[in-house]
Amino acid sequence: MVQTLIDTTPPLPANAVQAEGLIKVYKGRGGPKKALDGISLAIPRGSFFGLLGPNGAGKSTFINILAGLVMKTEGRVAIWGRDLDRQPRAAKAAIGVVPQELNLDPFFTPRELLDVQAGMYGVPRAERRTMEILEAVGLADKADSYARTLSGGMRRRLLVAKAMVHTPPVLILDEPTAGVDIQLRQSLWTYVRELNRTGTTIVLTTHYLEEAEELCDRIAIINHGTLVACDTTRALLGRLDSKSLILTLDGDLTEIPAALEPLAPELRPDRQMVIRYKPSAMPVAAILEAVRGAGLGIADLSTEETDLEDIFLQLTTRQ
Ligand code: ADP
Ligand code: MG
């Protein structure tokens with residue numbers, strides 16, 4: 001069992017992160033820019049939470065406010081039950097952030113970097129887990145190499161290691177797999193999943209939607225600084241209420257039987273027929289009955305779910 005600087009004795013907060021009415025206005029040279037326009041969001045303790053949104057939606061701004069790297073303009077934030085304004089140190093100690101940018105001091109070695117970071121968080125020497133963490137992110141053999149000699153993927157993993165030195169109960173990863181090859185991505189996810197399994201709350205932003213769909217149990221979608229969806233991944237995927245039934249017929253078909261026209265089937269090569277339907281309104285059995293009733297034989301069938309991509313586009317492309 002790993003030691004935590006944070007009190008993890010009960011009662012534990014129900015929400016690892018709670019944000020209310022979060023507003024951020026950047027005072028840029030080109031005039032003020034409202035990056036967050038009143039975001040209220042709860043991230044349940046223990047969840048693997050996805051924060052999605054198109055480029056410029058405000059994801060990094062949100063995350064950087066939680067991390068204490070960007071000052072919010074208005075609103076309230078509590079991390080692990082600690083108010084960011086009233087208990088800033090305690091709130092910061094509960095969180096580890098893997099930033100979007102790969103900035104690392106090129107003349108530090110991974111071992112030095114983790115030691116400095118542990119010192120900053122006041123982790124006593126005897127409790128430091130430098131090698132254990134480097135091992136976990138697959139950098140043990142690079143412990144004494146200069147950061148500038150590490151590849152992009154290794155730097156990304158070193159940033160994950162750095163965010164974990166104080167064993168925060170909440171780990172936030174901002175687009176951690178951008179530019180990381182598939183193999184490293186897999187090993188990173190294996191590690192992060194294990195952290196989540198053992199109780200760490202994970203907050204992830206990514207633009208790989210399949211990745212979010214596979215990993216996250218809850219997903220929030222933001223667009224133009226406002227929350228457009230926040231639900232369990234399952235509920236979100238069920239929201240569109242649309243599925244496709246793909247039938248392989250046992251004979252050639254050149255035109256759609258009149259009896260099936262109301263179902264608006266689409267004919268595809270290789271004797272395939274695709275029927276889109278609303279699961280809430282029409283059971284598959286009824287469709288199959290109609291197809292058989294029209295005198296068609298079915299050699300094979302499968303159904304296709306709507307995926308996160310469909311929902312994401314539906315929620316973020318309309319103005
Ligand atoms: P995301 O991470 O979702 O791509 P960001 O939070 O980085 O979005 O940005 C949200 C909006 O705020 C964008 O329009 C961006 O240009 C603007 N923005 C981000 N950082 C700054 C900054 N430091 N100064 C001014 N505007 C900024
Ligand atoms: Mg970003």
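Q: In what order do the six strands of the open sheet with mixed pairing stand?
A: The structure is a predicted model, in which local features need pLDDT of at least 70 and side-chain atom pairs count only at pLDDT 80 or more, whereas totals for chains, interfaces and linings use all residues. Residues are numbered from 1 along each chain as its sequence is written, chains are lettered from A and ligands numbered from 1 in the order in which they are written, and side-chain values rest on heavy atoms, with hydrogens and water left out. Helices (H or I, at least four residues) and strands (E, at least two) are DSSP runs numbered from the N terminus, and two strands pair if DSSP finds at least two bridges between them. The six strands then form an open sheet of mixed pairing in the order 6-7-8-3-9-10.

Q: Which residue is the bridge partner of Val97 in strand 7?
A: Strand 6, residues 95–98, runs parallel to strand 7 (residues 170–174), and four bridges join the two. Within strand 7, the residue that partners Val97 is Ile172.

Q: Which residues coordinate the magnesium ion (ligand 2)?
A: Donors are N, O and S atoms within 2.8 Å of the metal (3.2 Å for Na, K and Ca), and water is not among the atoms, so sites may look incomplete. At 2.0 to 2.3 Å, the coordinating atoms are OG and OE1, which belong respectively to Ser60 and Gln100.

Q: How many residues apart in sequence are the parts tied together by Ser60 and Gln100?
A: Ser60, with a relative accessible area of 22%, is partly exposed, and Gln100, at 30%, is likewise partly exposed. Ser60 belongs to helix 1 (residues 59–66), whereas Gln100 sits in the loop between strand 6 and helix 3, so the separation in sequence of the parts that this pair ties together is 40 residues.

Q: Which strands are the edge strands of the open sheet of four strands?
A: This sheet has the order 12-13-11-14, with antiparallel pairing. Its twist averages 25 degrees from one strand to the next. The strands that pair on one side only are strand 12 (266–268) and strand 14 (298–304).

Q: Which residue of strand 14 is the bridge partner of Leu247?
A: Strand 11 (residues 243–249) is joined by six bridges to strand 13 (residues 272–277), in the antiparallel sense, and Ser244 stands opposite Arg276 there. Strand 11 also pairs with strand 14, antiparallel and over six bridges, and in strand 14 the partner of Leu247 is Leu301.

Q: Which residue takes a positive phi in the hairpin of strand 12 and strand 13?
A: Strand 12 and strand 13 are antiparallel, with three bridges between them, among them the pairing of Arg268 with Gln272. Three residues lie between the strands of this hairpin, and the residue with a positive phi near 60 degrees is Asp270.

Q: How many bridges join strand 1 to strand 4?
A: Strand 1 (residues 15–28) runs antiparallel to strand 2 (residues 31–44), to which 11 bridges join it, with Leu22 partnered by Ile39, and the two strands form a hairpin with two residues between them. Strand 1 is also antiparallel to strand 4 (residues 74–79), where Gln18 stands opposite Ala78. The number of bridges that join strand 1 to strand 4 is five.

Key:
Axes fitted to C-alpha atoms, helices over the stretch in contact; angles between N-to-C directions. Buried < 20%, exposed > 50% of the residue type's maximum accessible area, 1.4 Å probe, protein only.
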